[in-house]
Amino acid sequence: MSTSSTPTSKAPPALERLAQLIIERNSGKIIVGGVLAANQSKKSVSLAIAGGGSGAISSLVSTPGASSVVLEGIVTYHRQSFEEYLLNHKVLQSSSLPSNYVSKEAAILLSRAALHRSLQIIASSSDRTGGAKLFDAYQSCVGVGCTSALRSSTAKKGEHRCHVAISSLSASNSSRLYSCVLDKHLDPPRTRAQEEEVVSGIVLHALMDGNDEGILREELLMGSEHVSTDTISTQATAALATETSATSDVERAIQSIHDKECRAVLLFPSMEGGNGEMLVSPHPILPNDCIVFPGSFNPVHSGHVMLAKAAVAKVLQTKNSNSNPKQKQPSVVFEMSMHNVDKPPISVDDARRRIEGFMALLKEQQHDQDTNSLIQKLDWGILLTTSPMFAEKVEVLLQDCRISSSATDSHLQKGTFTFVIGTDTFIRIINPKYYNNSMEHMLKALQDMQNRGITFVVGGRVQQNVPTDNGENDNTNASNLPLFLGGQRELDSLSHESNVKQMFTLLTEDDFRVDISSSEIRKKGKR
């Protein structure tokens, strides 16, 4: 089992100053070149230290203000602890453990596992209230991994060395690596504690992106010792093992879903200046109150956004009336399955085009005054999956996207995901035709989802051609107006299954009505 560091001693002066600089920059108290350093340095950090370097944790947590930076610090000293940490945080399979535990590869794997832990903590944090957005907060998440071989009770034949890796959800989706070989032939030689201090200093140096005002060089390194740096390109998911710079992170993420190398990939817009970039998370972690909007989004349009916002409002209304009146706004993911039951998979190019449609909509709406249709008012992302059926979507959400750890599993056995769907999808979900023509199978499938905490919000639509009793189409109803189909009649047909009915919340015409569809837009050749 992993062991958390619980330091009590005062940090050495060099480490103390490095930790102070990190925390000051994170809080925006330092000016570098006339600019607040926190603009580039805001971090929410989890650290995983394998062996030497644990002084970095003690230095940080013994500095006032550490809670603004440090999420968690853990020491995986034993090899079994190291392996369990990597496996628990889904960065690799047991068959692909590193061959060398003091290597660049091992440090990078640790940092990615620590990044996964940072995302878990932020996603489950109760501090995210008011206007705070989860996917914005994700962009400050950092994972630090450190491996080292230092002086021990018996002389080492090999080098005394360390590797420190920093992983985050940067636009380049890469890990920054810091490596150093310590001179073991100094006269007098360093003690183990002194080597520990150097490695801890390198960890803090890495957290400052190498900009530590010369403290590491002047006070901890000696002679020809130096820290070499490298940027290691990573993939959109752990399932992608090869490295390439020929395609973008988004394209690699799409390809991984297309080829079924993984089941889900999360994308969301970068906060940096509306630059039109999508970030790819190697871990599609979603909060348990997340709203999931499945669709083909071919193309996405303002009606999708307005339905998502109506669902957010309805969920908030329900939760605020039942519990906390200051409930945070749920995050929304637009879920797009690249695989269909009876159609060929969506091509990589087509999926990329649909994703670009979200960013185009975001750009188009920058000066829009209609706040009801503004996508930037949502805390939103895109979830690419391989799951066309709702039962499969639920499995992916609960197994691949759920917040889970040994500390939280006990009260997270059920998800609390809410699907937002249209009336047509709702009618299919409760139609026995899609369950081998078995009412029993349909009810069991719905009850299984209900038992796992799944609910639905249903948005209606306008039907222009209303079928009459003789099967012909009549373009008007009694009021000479298009008919709004909200699903109430179909819901009433489940009256004998009141428990299942509770899964579905119908939006009224006042809650949501948009007379637009993707098919109409495709016919017109515009969004």
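## A first question

Is K444 buried, partly exposed or exposed? With a relative accessible area of 49%, K444 is partly exposed, because exposed residues must be over 50%. Keep in mind as you explore that this is a predicted model.

K444 has a charged partner: its side chain meets that of D448 in a salt bridge, 3.0 Å from N to O. Both residues belong to helix α14, which covers residues 439-451, and they sit 4 residues apart, about one turn of the helix. An α-helix has 3.6 residues a turn, so residues three or four places apart point the same way. D448 is partly exposed too, at a relative accessible area of 36%.

## The whole protein

Now step back for a wider view. The protein is built with 17 helices and 21 strands. It has 527 residues, of which 51% count as buried.

K444 and D448 form one of the salt bridges here; a search of the whole structure finds 20. Another joins D209 and K43, whose side chains meet at 3.5 Å, N to O. This pair links distant parts of the chain, 166 residues apart: D209 is in the loop between α7 (192-207) and α8 (215-219), while K43 is in the loop between α2 (38-41) and β4 (44-50). D209 is partly exposed at 46% relative accessibility, whereas K43 is buried at 8%.

R513 and E509 also meet through their side chains, in a salt bridge of 2.5 Å from N to O. R513 is partly exposed, with a relative accessible area of 33%, and E509 is partly exposed as well, at 37%. Elsewhere, salt bridges link E251, D349, R352 and E356 in a network.

## The eight-stranded sheet

Follow the strands next. An open sheet of 8 strands runs in the order β11-β10-β14-β13-β12-β15-β16-β21, and its pairing is mixed. At the edges are β11 (278-281) and β21 (504-506), each of which pairs on one side only. On average, neighbouring strands of this sheet are turned by 30° against each other, direction ignored.

Strands of a sheet pair through backbone hydrogen bonds, either parallel or antiparallel. Strands β12 and β13 (residues 332-337) run parallel and are joined by 4 bridges. Within this pairing, F293 has F334 of β13 as its bridge partner. Helix α9 (residues 249-258) lies across β10 (264-269), β11 and β14 (380-385), and it runs at about 155° to β10.

## Helix α4 and its cover

Which residues of helix α4 are buried? In this helix, spanning residues 79-88, they are S81, F82, E83, Y85 and L86. Their cover includes β4, β5 (70-75), α5 (104-124) and β6 (141-149). After α4 comes K90, which has a positive phi, near 60°.

## Two buried histidines

Where is H301 placed? It is in the loop between β12 (291-294) and α10 (302-322). H301 has a relative accessible area of 5% and is buried. A polar atom of the H301 side chain lies 2.9 Å from the backbone nitrogen of G303.

H163, by contrast, lies in a strand, β7 (residues 160-168). H163 counts as buried, at 10% relative accessibility. The side chain of H163 makes a polar contact of 2.8 Å with the side chain of S179. Leaving aside residues up to four places away in sequence, H163 touches V102, S103, K104, A107, G145, C146, T147, Y178 and S179.

Note on methods
Residues are numbered from 1 along each chain as its sequence is written. This is a predicted model: local features need pLDDT of at least 70, side-chain atom pairs count only at pLDDT 80 or more; totals for chains, interfaces and linings use all residues. Side-chain values use heavy atoms; hydrogens and water are left out. A salt bridge is a side-chain nitrogen of Lys or Arg within 4 Å of a carboxyl oxygen of Asp or Glu. Buried means under 20% relative accessible area, exposed over 50%, partly exposed in between (1.4 Å probe, protein chains only). A polar contact is a pair of N or O atoms within 3.5 Å; within protein, one must be able to donate a hydrogen and the other to accept it, and residues adjacent in sequence count only if both atoms are side-chain atoms. Contact means heavy atoms within 4.5 Å. Two strands pair if DSSP finds at least two bridges between them. Axes are lines fitted to C-alpha atoms, for helices over the stretch in contact, and angles run from 0 to 180 degrees between N-to-C directions.
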